[in-house]
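Here's a walk through one protein model, going from strand pairing to the core, then a helix and its charged neighbours. Have the structure open as you read.

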Amino acid sequence: MAALGQRRDPFGSMRFWVEIGDVITGSFRECSGLGSETELIETKEVVKGGFTVYIKAPGALKWENISLKRGITDSMDIWEWRKKVEEGDVDGARMNGSIVMYDSTGEASARWNFISGWPQKVSGPSFNATSNEIGVEELVIVHEGLVRDS
């Protein structure tokens, strides 16, 4: 926590970098899914006096899928990574990776590391001849754990 009188501005979300093994490194335009949740187990019990109470207990831990979007280029890196899964080599496709956020001075300010991720989905751009937008491709990564280490 900052000392009294010292201001700590939040980091902007527009500067981040993606590192996935030694295969994919680069910038993306969007990233979401850096989180986890615990499933809820609810049971209903009738207690002394006939009152009904709900007991809420923690269930299984679930990690959100990481979704990354970027403007499409001639790079085939995410498509080649996904091809391993399509060919049945999920174990060979598993990689650790990081999402790194940078502050306004260009210094790394936050890092999320995921474990044993593989590409569940890759999708190419939507085409529209009346639009002047950049084509965007999406990569969805499933993984077995996520840690924010800074």
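Let's start with a pair of facing residues: Pro119 sits opposite Ile141 of strand β9. This is a predicted model, so local features need pLDDT of at least 70 and side-chain atom pairs count only at pLDDT 80 or more, while totals for chains, interfaces and linings use all residues. Residues are numbered from 1 along each chain as its sequence is written, and side-chain values use heavy atoms, with hydrogens and water left out.

**Strands around β9**

Strand β8 (residues 108-123) runs antiparallel to β9, and the two pair over 5 bridges. Strands count as paired if DSSP finds at least two bridges between them. β9 also has β6 as a partner, again in the antiparallel sense, over 6 bridges. Here Gly71 is the residue opposite Val136 of β9. Helices (H or I, at least four residues) and strands (E, at least two) are DSSP runs, numbered from the N terminus. β9 is mostly covered, with 6 of its 7 residues buried. For burial, the cut-offs are under 20% relative accessible area for buried, over 50% for exposed, and partly exposed in between, using a 1.4 Å probe and protein chains only.

**The core**

The largest nonpolar core contains 21 residues, and Val18, Ile20, Leu68, Trp81, Leu139 and Ile141 have the most contacts inside it. Such a core is a set of buried Ala, Val, Leu, Ile, Met, Phe, Trp, Tyr and Cys residues joined through side-chain atoms within 4.5 Å. Two or more residues each come from β1 (16-20), β6, α1, β7 (95-102), β8 and β9. The biggest giver is β8, with 4 residues. Take Ile20: leaving out residues up to four places away in sequence, its contacts (heavy atoms within 4.5 Å) include Leu68, Trp81, Phe114, Leu139 and Ile141.

**Helix α1**

Which residues of α1 are buried? They are Asp77, Ile78, Trp81, Arg82 and Val85. Seen down the axis of α1, these fall within an arc of 130 degrees, so they line one face of the helix. That arc is taken from the directions from the helix axis to the C-beta atoms. On the face turned away from the buried side, you'll find the exposed residues Glu80 and Glu86. Just after α1, Gly88 takes a positive phi of about 90 degrees.

Arg82 belongs to this helix, which spans residues 77-86, and has a relative accessible area of 17%, so it counts as buried. Its side chain reaches the backbone oxygen of Gln120 at 3.3 Å. Arg82 also touches Pro119 and Val122, besides Gln120, not counting residues up to four places away in sequence.

**Salt bridges**

The structure has 8 salt bridges, each a side-chain nitrogen of Lys or Arg within 4 Å of a carboxyl oxygen of Asp or Glu. Here are some of them:

| Pair | Closest N and O atoms |
|---|---|
| Arg70 and Asp77 | 2.5 Å |
| Glu137 and Arg70 | 2.8 Å |
| Glu87 and Lys83 | 3.9 Å |

Salt bridges that share partners join Arg70, Asp77 and Glu137 into one network. Arg70 and Asp77 are both buried, and Glu137 is buried too. Glu137 lies in β9 (residues 136-142) and Arg70 in β6 (residues 66-71), so this pair ties together parts that are 67 residues apart in sequence.

Definitions and conventions: Polar contact = N/O pair within 3.5 Å; in protein donor to acceptor, adjacent residues only side chain to side chain.
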